[in-house]
Amino acid sequence: MGKNGVLKEIISWAAILIVAFVIGTCLNKFVLMKAVIPSGSMENTLQIADRVFGLRLAYLFSEPERGDVVMFDYPDDESVLYVKRIIGLPGETVEITEGKVYIWNDETGEDKTLLEEPYLKETPIGSYGIFEVPEGCYFMLGDNRNNSWDSRKWENKYVEEDKIQCKAWFRYKPSFGWIK
């Protein structure tokens, strides 16, 4: 192989590396988001040190739903990424009494439903009152309620929809699996 052949090979490899870098950057910026779980607030769904992917496109054609595990900018310090479960939807009223979560079904507040939460780590304790979720916002709780810093305790109680970065989608380390 002559000088020309070596130069062509180098250019070919450089082009492949540049294309791979551009694709990786675009995937990271527009499609996927990575996070490492720093605390036990989402146990048993997510464990300390789990590495997860979030899908940035999850809400392109639909709205976030109750029960979704999402990554979002923490309302009290938007430089921090949080991972929690959506409990209260825009315009709803959420009540937390003796560890149980109730969703009020009508505007009178007389008809409320106990939220079924099979994902909880243990039986939650504590009463936190009533939260009226503003339009365009969500109320978030951790699955390990007795050890979670979440909407019940934040200064700014609600997460604005545009602060939701993605839906937590897949755990890839230390084990593999879909996030439910």
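## Close-up views of a predicted model

View 1. Strands of a sheet pair through backbone hydrogen bonds, parallel or antiparallel.

**View 2. S5 and S6 form a hairpin.** S5 covers residues 93-97 and S6 covers residues 100-104. The two strands pair in the antiparallel sense over 5 bridges. Ile96 has Val101 in S6 as its bridge partner. Between the strands lie 2 residues. In the turn, Glu98 has a positive phi of about 50°.

**View 3. S5 also pairs with S8.** S8 spans residues 129-132. Its pairing with S5 is antiparallel, over 4 bridges. Val94 stands opposite Phe131 in S8. S5 itself is mostly covered, with 4 of its 5 residues buried.

View 4. Tyr102 stands opposite Leu114 in S7.

**View 5. A salt bridge joins Glu95 to Lys112.** Their closest N and O atoms are 2.8 Å apart. Glu95 lies in strand S5 and Lys112 in strand S7, so the pair ties together parts that are 17 residues apart in sequence. How accessible is Glu95, buried or exposed? Glu95 counts as buried, because its relative accessibility is 11% and the cut-off for buried is under 20%. Lys112 counts as partly exposed, at 38% relative accessibility.

**View 6. Lys121 and Glu43 meet in a salt bridge.** The N to O distance between their side chains is 2.8 Å. Lys121 is partly exposed, with a relative accessible area of 36%. Glu43 is buried, with a relative accessible area of 13%. Side chains of opposite charge can pair when their charged atoms come close.

**View 7. A salt bridge connects Glu78 and Lys163.** The closest N and O atoms are 3.2 Å apart. This pair, too, links distant parts of the chain, 85 residues apart. Glu78 is in the loop between strand S3 (69-73) and strand S4 (81-88). Lys163 is in the loop between strand S10 (159-160) and strand S11 (164-173). Glu78 counts as partly exposed, at 44% relative accessibility. The count of salt bridges in the model comes to 9.

**View 8. A nonpolar patch lies on the surface.** Which residues form the patch? Ile18, Phe21 and Val22 do, with about 320 Å² of accessible area together. Ile18 is found in helix H1, residues 3-31. Ile18 counts as exposed, because its relative accessibility is 54% and the cut-off for exposed is over 50%.

Definitions and conventions:
Residues numbered from 1 in each chain as written. Predicted model: local features only at pLDDT ≥ 70, side-chain atom pairs only at ≥ 80, totals over all residues. Heavy atoms only, no water. Buried < 20%, exposed > 50% of the residue type's maximum accessible area, 1.4 Å probe, protein only. Pairing = 2+ DSSP bridges. Salt bridge = Lys/Arg side-chain N within 4 Å of Asp/Glu carboxyl O. Patch = residues over 30% accessible without salt bridge, like charges linked within 9 Å, V, L, I, M, F, W, Y side chains within 5 Å. Areas by Shrake-Rupley, 256 points an atom, 1.4 Å probe, with all protein chains shown as cover.
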